[in-house]
Amino acid sequence: MLVSQRLTLGFAAFFGVGGLMGYLKSDNKKSFIYGGTSAIVLYYVYTQLPVNPVYASCIGLGLSVVLLGVTGIGFKSC
């Protein structure tokens, strides 16, 4: 398993567990949906990395940009 695959799988688990914790702790459905969706996309990237690394990296980069934008908007509104 490649190092990039390990990191991607770790981030997928991190986002999935984070979304689940947000839902269980504060009944936040957005957290559950965003965390679950991010985890699913990152798991897809994990599966595609050995087969098509450029495509998988582009999807991962796109997800990172989206998450940065959502987090930045939330930070700016505080």
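1. Thr8, Phe11, Phe15, Leu42, Gly60, Leu61, Leu63, Ser64 and Leu67 line the second largest pocket. The model is a predicted one. This pocket has a volume of about 160 Å³.

2. Which helix gives the largest share of that lining? Helix α3 does, with 5 residues. Both α1 and α3 supply at least two residues each to the lining of the second largest pocket.

3. Sorted by class, the second largest pocket is lined by 6 nonpolar and 3 polar residues. No charged residues take part in this lining.

4. Now the largest pocket. Its volume is about 350 Å³. It is lined by 15 residues, and those closest to its centre are Ser31, Tyr34, Gly35, Ser38 and Leu67. Leu67 also lines the second largest pocket.

5. Three helices each supply at least two residues of the largest pocket's lining: α1 (3-26), α2 and α3 (53-77). Helix α2 gives the most, with 6 residues. By class, the lining of the largest pocket has 8 polar, 6 nonpolar and 1 charged residues.

6. Look next at Ser38, which sits in helix α2 (residues 29-48). Is Ser38 buried or exposed? Ser38 counts as buried because its relative accessibility is 4%, and the cut-off for buried is under 20%.

7. What does Ser38 touch, apart from its neighbours within four places in sequence? Ser38 is in contact with Phe15, Leu63 and Leu67. Phe15, Leu63 and Leu67 are also among the residues that line the second largest pocket.

Key
Residues numbered from 1 in each chain as written. Predicted model: local features only at pLDDT ≥ 70, side-chain atom pairs only at ≥ 80, totals over all residues. Heavy atoms only, no water. Helix = DSSP H or I, 4+ residues; strand = E, 2+ residues; numbered from the N terminus. Buried < 20%, exposed > 50% of the residue type's maximum accessible area, 1.4 Å probe, protein only. Contact = heavy atoms within 4.5 Å. 1 Å grid on protein atoms, 1.4 Å probe; cavity = no way out; pocket = protein on both sides within 12 Å on 5 of 7 lines; lining within 4 Å. Points joined across faces, edges and corners; volume = space filled by probe spheres on them. Nonpolar A, V, L, I, M, F, W, Y, C, P; charged D, E, K, R; others polar.
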